[in-house]
Amino acid sequence: MKPVILEAFENENFIGNTLKRLFEQKGQEYFYFKLKDMNILPCRSCGICSIKTPGKCIVVDDDMPVILKAVASSSMLIMITPIVFGGYSSQLKKAVDKFMLLATPLYSGKGGRLLHLPRYGHKSLLGIGVTKNNSRFQEDSFRKLVAHNALNLQYANSTLVFKPSDETAKIKRDIELALKEGK
């Protein structure tokens, strides 16, 4: 099962390159989607994908089916994004909004919450954010967002937050540890 990497930076970034090198050193195949090069349109939240065409959006014709197919067959989803106001970049947000297609329209109760049942099994989610400021509030908001998205998908999760000034060795070490824990 190949991990899926969704990368939401406008330009080349050190995190994506570090991840690629780590997987290539292990000889592990992976899917890498640079979202800025893809056509991902906003979800219209019409609900057709839940009821009339389970797991398939017939309203918006974009590149999401390719990503969803890769996620469905993977064991780990890795999202890399600049932290924008404590959340994802707009490109990643549009993709995450369509993750409902990975769940069934049925609900189950878990921890006092109603959650959709995963259509393709349980996986792990690693959210990696990069922030240019020292706002603890934005970092905490990002961590909570990743945790809530993982809860909705019923995935295990972990979050890493880096600054552009962090040393490459630290970034590589933290990512390696998160990947080992997220197996």
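How many cavities of 30 Å³ or more does a search of the whole structure find? The search finds one. A cavity here is a set of points on a 1 Å grid, laid over the protein atoms alone, where a 1.4 Å probe fits but cannot get out.

Before we go on, this is a predicted model: local features need pLDDT of at least 70, side-chain atom pairs count only at pLDDT 80 or more, and totals for chains, interfaces and linings use all residues. Residues are numbered from 1 along each chain as its sequence is written, and side-chain values use heavy atoms, with hydrogens and water left out.

Lining residues, which have an atom within 4 Å of a point, include His116, Leu117 and Pro118. Strand E5 (113-118) gives the most, three residues, and helix H5 (136-153) supplies at least two. (Helices are DSSP runs of H or I with at least four residues, strands are E runs of at least two, numbered from the N terminus.)

Now for the largest nonpolar core, which has 30 residues. Such a core is a set of buried (under 20% relative accessible area, 1.4 Å probe, protein chains only) Ala, Val, Leu, Ile, Met, Phe, Trp, Tyr and Cys residues joined through side-chain atoms within 4.5 Å. Met79 and Phe99 are among the members touching the most others. Helix H3 (64-72) is one of the contributors, and H3 brings the largest share, five residues. A second, separate core has 18 residues, including Ile15 and Ile171.

Note on methods
1 Å grid on protein atoms, 1.4 Å probe; cavity = no way out; pocket = protein on both sides within 12 Å on 5 of 7 lines; lining within 4 Å. Points joined across faces, edges and corners; volume = space filled by probe spheres on them. Buried < 20%, exposed > 50% of the residue type's maximum accessible area, 1.4 Å probe, protein only.
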